[in-house]
Amino acid sequence: MQSELEQRLAELRDKGLYRRLRVISGPQGPRVLLDGKPVLLLCSNNYLGLADDPRVRGAAAEAAMRYGAGAGASRLVSGNMTVHRRLEERLAEFKGYEACVLFGSGYLANTGVIQALARAGEVVLSDELNHASIIDGCRLAKAERFVYRHCDLEHLEWGLRKAEGRASLIVTDSVFSMDGDVAPLAEIVELAERYDCRVMVDEAHATGALGPGGRGAVAAAGLEGEVDVLVGTLGKALGSYGAYVCCSRTMAKYLVNTARTLIFSTALPPPVVAAALAALEILEERPERVERLRRNARILRSTLADHGVEVPSQTQILPAVVGPAAAATRACELALERGVFAQAIRPPTVPEGTSRLRLTVMASHTEAELRHAGRTLAQALRTARQEMRERTSSALAVA
């Protein structure tokens with residue numbers, strides 16, 4: 001059995017798909033110690049730099065002393081605490097919804113909600129580039145699945161017609177995590193109304209980055225109240241951990257009674273809830289952080305373009321697609337040698353042949369840091385692509 005696992009690991013190495021855990025020392029920030037080496041960090045979801053904000057860290061420490069380190073039970077048993085309720089009320093108000101329900105993580109929120117809403121005999125419709133947690137939620141649900149081509153509204157409508165009245169839920173990311181593009185939310189909502197089904201939008205990468213005051217892509221499109229279920233995470237722009245679902249009061253009661261990932265999970269620890277509360281307060285008090293994030297994305301995008309690397313995204317997620325997994329890994333290592341960390345993203349996270357460096361900026365990066373990173377990454381990408389072409393030419397010559 002052991003040798004079989006070693007053989008599988010060897011196969012992953014041969015395909016350029018082997019992964020290993022790297023260790024960061026100290027807090028998350030623009031510069032970190034990675035495996036003992038100082039690097040500029042370009043692949044964190046700590047978009048607003050709040051994970052290491054003194055006020056956020058202080059709130060977590062105070063909550064640990066006041067409430068303890070853990071909640072002790074699931075929320076339906078004895079783990080539901082005042083700090084959970086306060087965060088839910090603040091998030092619902094921030095997003096413009098009647099109610100909010102906290103979940104243990106974005107993965108648990110998406111799998112739990114889809115499983116609860118897409119029942120046997122119904123159809124759930126999902127964008128092909130949705131996050132893995134949405135894909136797995138669709139797989140776990142008893143409903144029939146229809147995966148529509150990425151942001152293809154004609155294909156989505158074809159699926160709705162094919163469902164013949166059984167469509168119960170359209171689910172999409174608002175900002176796609178690996179490509180950084182934005183779903184056509186207004187058109188999706190219009191289709192949902194026409195075909196009488198619900199819409200669920202995951203704002204994991206939009207909250208704190210898009211919309212007025214960082215309220216997300218749904219708010220940017222003026223669709224608050226028209227999206228039935230809005231999912232967000234606390235572990236990205238809000239710098240903590242966990243997730244939430246904003247919805248109507250009736251929907252919230254339904255999820256508390258039917259979402260298995262909420263029912264059978266221990267409640268979020270009070271320190272991470274208090275940290276998220278503090279982060280949300282900072283976001284509301286200082287929305288200029290959102291504008292700084294957008295400015296930093298423009299700086300890195302323009303620097304890359306100046307050095308021959310075009311990235312199509314208009315958000316803080318900038319995908320530099322390389323192609324083969326081995327070339328993406330090589331580009332990552334070359335950049336690391338020059339002190340810039342941008343993780344290589346490979347299948348199954350992205351489709352075959354689209355391995356990439358997924359670059360993400362933070363509001364706390366300086367312009368000088370981003371211009372240095374852009375030059376370094378462009379050079380690493382050029383070298384990796386050139387080496388790949390030379391290997392391919394050599395292989396063809398031998399053949």
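A residue counts as buried when its relative accessible area is under 20%, as exposed over 50%, and as partly exposed in between, using a 1.4 Å probe and protein chains only. Helices (H or I, at least four residues) and strands (E, at least two) are DSSP runs, numbered from the N terminus. The model is predicted, so local features need pLDDT of at least 70 and side-chain atom pairs count only at pLDDT 80 or more, while totals for chains, interfaces and linings use all residues. Residues are numbered from 1 along each chain as its sequence is written, and side-chain values use heavy atoms, with hydrogens and water left out.

Helix H14 is a handy place to start. Its buried residues are Ala 325, Ala 327, Ala 328, Ala 331, Cys 332, Leu 334, Ala 335 and Leu 336. After H14 comes Gly 339, with a positive phi near 85°.

Next come the open spaces. On a 1 Å grid over the protein atoms alone, a pocket is an open set of points with protein on both sides within 12 Å along at least five of seven lines, a cavity is a set where a 1.4 Å probe fits but cannot get out, and lining residues have an atom within 4 Å of a point. Grid points are joined across faces, edges and corners, and a volume is the space filled by probe spheres set on the points. The largest pocket holds about 1300 Å³. It is lined by 49 residues, and Met 178, Gln 343, Ile 345, Thr 349 and Arg 358 are the closest to its centre. Helix H14 turns up again here: along with helix H5 (106-117), helix H6 (132-140), strand S9 (229-233) and strand S13 (344-345), H14 (325-337) gives two or more residues to the lining. For the make-up of a lining, Ala, Val, Leu, Ile, Met, Phe, Trp, Tyr, Cys and Pro count as nonpolar, Asp, Glu, Lys and Arg as charged, and the others, Gly among them, as polar. On that basis the largest pocket has 21 nonpolar, 17 polar and 11 charged lining residues.

The second largest pocket comes in at about 220 Å³. Two or more lining residues come from each of helix H2 (54-67), helix H4 (82-95) and helix H12 (270-285), with H2 giving the most, at 5 residues. This lining has 7 nonpolar and 5 charged residues, and no polar ones. Helix H12 also holds Val 273, which is buried at 0% relative accessibility.

There is 1 cavity of 30 Å³ or more, and the largest cavity takes up about 80 Å³. Strand S4 (99-103) and helix H11 (260-263) each supply at least two of its lining residues. The lining splits into 5 nonpolar, 4 polar and 1 charged, with Arg 75, Phe 103 and Thr 261 among them.

As for rings, those of Phe, Tyr and Trp (its six-membered ring) pair if their centres lie within 6.5 Å, with planes under 30 degrees apart called stacked, over 60 edge-to-face and the rest tilted. The whole structure has 1 aromatic pair: Phe 146 and Trp 158 are tilted, 5.9 Å centre to centre with 45° between the planes. Phe 146 is buried, at 12% relative accessibility, whereas Trp 158 is partly exposed, at 41%.
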